[in-house]
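Here are some notes on the pockets and the ligand site, set down as numbered points for your own check against the coordinates.

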Amino acid sequence: MTYRIALLPGDGVGSDVLEAAKGVLDAIGFDGEYEYGDIGWEFWRTEGNPLPDRTIDLLKRTDCCLFGAITSKPKDEAAAELAPELRGEELVYSSPIVGLRQRFGLHTNLRPCKAYRGNPLNLRDDIDLVVFRENTEGLYCGVEWHPVPENVRAAFDTHAKMKRFESVADDDLAISTRIFTREGCRAILRDAFEYAKKHGYPTVTVVEKPNVIRETSGLMVREARAMGKEYPGIELWETNIDAMCMWLVKNPQDYGVLVSSNMFGDILSDLAAQIVGGLGFACAGNLGDDYAVFEPTHGSAPKYVGQNKVNPIATIRSAKMMLDYLGETEMAGKIETAVANTIREGRLRTYDMGGTTTTTEMAEAIANAAEEA
Ligand code: IPM
Ligand code: MG
């Protein structure tokens, strides 16, 4: 079967890692009809939009997308880099990957963090965690103000706890909202429980902070308890985000599936990645009901551009997740075996692993191993 795959290299090392993954897909005979699309910094600077409409159209006509990496900068820095003719148009930069997730309803960010045998960077060798990060709501929903408009201010002032900020000028106040919906909470929780059930994880840990953030974290935890009743074989653990960071360093082997909201999940997944080797190994799937985007968790690493240096394993594993999504489990298994064997043999090590293996050398070795697997 031929699949239509959108390839979005994005910024920085994105295209290096994407080509590396494509090489592995080619080696195992994956029949992909690839179409490259525009996304990222260059399009922000020259068009004032890092996620052009033509890219949205491209995604709509493909089965799924493999994504490289993106450079995200704060508002003012972004505005300063706009082409001169676009300045003064009040364009505001927002992350195109966050935009894609929202636009395509990719509500679930699945981030497996497993220790591969022989990886010298593992904190321990028995770690096998999967982070489920809510991907379209929460603190990254983009509903925020600075300065705060009068009508918004008035609405906020109806809350007793705003009294403390009474004398703060609108211009001296910035508000970012953390919006949760019951539907959003249930979608991420459902995926987490179903994954635990399917893959035999004994626990699902909901990671929030309901003792302080009563309404949003509270909603997530209450929904988790309710849903947990539908999964009698799986224990629901509730851990606060701060404590979870401590436990993940102290006893990571005790945990299985972790589920959290957008920002906490973002933080948690970098931490979980680091204890099994770092972002060079961390793959991700942004999953919606009818589309999916697969990407390494790492950023665009501008300092390594053009050096053929970064570890391509995160993106190769993302391509493996893509095959799982497409139902090509046999091919997915080949990539998994090739990655595991290459790491275990220990002959090749990219710079993050303390070696000098290049991106292409690592990718070719995995491609050859996958071909033979
Ligand atoms: C990630 C990244 C992105 C995010 C950035 C690049 C916007 O950190 O995928 O984890 O925060 O979601
Ligand atoms: Mg992140």
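1. In this predicted model, the second largest pocket has a volume of about 760 Å³. Its lining comprises 26 residues, and those closest to the centre of this pocket are Leu110, Tyr195, Lys198, His199 and Asp324.

2. The elements that each give at least two residues to the lining of the second largest pocket are strands E4 (108-114), E5 (128-134) and E11 (283-287), together with helices H7 (182-199), H11 (313-326) and H12 (329-345). Sorted by class, that lining has 11 nonpolar, 6 polar and 9 charged residues.

3. The largest pocket holds about 1100 Å³ of space, and of the 37 residues lining it, Ser72, Ser94, Ser95, Val98 and Tyr140 are the closest to its centre. Helix H5 provides the largest share of this lining, with 5 residues, while the lining by class has 16 nonpolar, 12 polar and 9 charged residues.

4. Ligand 1 sits in the largest pocket, where the residues around the ligand are Ile70, Ser95, Val98, Arg101, Arg111, Arg133, Tyr140 and Asp266. By class, this shell has 3 nonpolar, 1 polar and 4 charged residues.

5. Which distances separate polar side-chain atoms of Arg101 and Asp266 from an oxygen atom of ligand 1? For Arg101 the distance is 2.6 Å, and for Asp266 it is 2.8 Å; in the side chain of Arg111, an N or O atom is 2.7 Å from an oxygen atom of the ligand. Taken alone, ligand 1 exposes 320 Å², of which the protein buries 78%.

Technical notes. Residues numbered from 1 in each chain as written. Chains lettered and ligands numbered in written order. Predicted model: local features only at pLDDT ≥ 70, side-chain atom pairs only at ≥ 80, totals over all residues. Heavy atoms only, no water. Near = heavy atom within 4 Å. Polar contact = N/O pair within 3.5 Å; in protein donor to acceptor, adjacent residues only side chain to side chain. Areas by Shrake-Rupley, 256 points an atom, 1.4 Å probe, with all protein chains shown as cover. 1 Å grid on protein atoms, 1.4 Å probe; cavity = no way out; pocket = protein on both sides within 12 Å on 5 of 7 lines; lining within 4 Å. Sits in = over half its atoms within 2 Å of the grid points. Nonpolar A, V, L, I, M, F, W, Y, C, P; charged D, E, K, R; others polar. Points joined across faces, edges and corners; volume = space filled by probe spheres on them. Helix = DSSP H or I, 4+ residues; strand = E, 2+ residues; numbered from the N terminus.
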